[in-house]
Amino acid sequence: MKIIKYHYVRDFTEKKSLHLKGLDYRKFDYQLNYLQSNFNILDPLTAHKKILLKDFDPYDCWLTFDDGYTDHYKFVYPILKKYNVYATFYPTIAPLLSNRLLKVNKIHYILASTKNKKDIYNRIKFYYKEFELKNKKLITINDVEKILIKHLRGLKSIHRWDNDEVIKIKRLLQFALPNEVRDYVCDKLFDEFVDYDEEELAASLYMNINNLIELKENGHEIGIHGMNHLRWATLNLEGQEQEIITSYRFLKEKKLIDDNFS
């Protein structure tokens, strides 16, 4: 079985989409036509059953959509309906509770804001040092860079979509910077580099509860993707359990997942 995972699927001619990485919805339509002609696209229930029975077929595929973007409601949902295909959608819960961007999306928009990634990297160091002056217990930015370099050396391949410069920025903002300064630096960069108001962007970026309810009522599955879209490897067992449990309780309360959810 092939599990095909999507994130941004949108109209990439729109200004807010420029320089983001993703798939234009017209290409998604083409892909779905190809998949339906050459593979057996499973509905979520059948996919779960095949996994439990270990009944795999190389021509089976299962479509999933991460993070709960409004793209999935506006563009993906009608195309799935056109081909009579059903999928699983994994929304992150925090944007459903507050009009704030997830850190992962802030990073995407910061990186998309300028071609000169060195400017972003230099400003990360500047804001880190600014924070460091008020918090003497922090390790120096030079020590942070050493930790990052050691991490990157351990990777066989940096990333197939990003060059070294971009992946260094991502890793710094995702986990290499100490927790207490990461949000501060990310917020400062967003305010400096991104032209959009955070609340307005968040309101347009993520699906709302009614969108998710409609997807479920029309045969699609809603799954758990965590509360805050945190990097799993940076959490201890308690933190991982908290992300799952709080997400499960919220989705269960909204009747977006069933009693037999597994």
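In which helix is Ser 247 found? The legends below describe close-up views of a predicted model.

**View 1. Ser 247 in helix α12.** Ser 247 is found in helix α12, which spans residues 237-253. With a relative accessibility of 0%, Ser 247 counts as buried, because the cut-off for a buried residue is under 20% relative accessible area. Leaving aside residues up to four places away in sequence, Ser 247 touches Ile 93, Ile 224, Gly 226 and Met 227.

**View 2. Crossing of helices α5 and α8.** Helix α5 comprises residues 103-112 and helix α8 residues 164-176; their axes come within 11 Å and cross at roughly 150°. Helix α5 is therefore roughly antiparallel to α8, since angles over 145 degrees are placed in that class. The crossing of the two helices, α5 and α8, is right-handed.

**View 3. Residues in the contact of α5 with α8.** Helix α5 contributes Lys 103, Ile 107 and Leu 111 to the contact. From helix α8 come Val 166, Ile 169, Lys 170, Leu 173 and Gln 174. Sorted by class, the contact of α5 with α8 has 5 nonpolar, 1 polar and 2 charged residues.

**View 4. Cys 61 and Cys 186.** Cys 61 is buried, its relative accessible area being 0%. Cys 186 is likewise buried, with a value of 1%. A disulfide is a covalent bond between the sulfur atoms of two cysteines. When a pair of cysteine sulfur atoms within 2.5 Å is required, the model has a count of 0 disulfides.

Technical notes
Residues numbered from 1 in each chain as written. Predicted model: local features only at pLDDT ≥ 70, side-chain atom pairs only at ≥ 80, totals over all residues. Heavy atoms only, no water. Buried < 20%, exposed > 50% of the residue type's maximum accessible area, 1.4 Å probe, protein only. Axes fitted to C-alpha atoms, helices over the stretch in contact; angles between N-to-C directions. Helix = DSSP H or I, 4+ residues; strand = E, 2+ residues; numbered from the N terminus. Parallel < 35°, antiparallel > 145°, perpendicular 65-115°, else oblique. Left-handed = near helix turned anticlockwise from the far one by under 90°. Contact = heavy atoms within 4.5 Å. Nonpolar A, V, L, I, M, F, W, Y, C, P; charged D, E, K, R; others polar.
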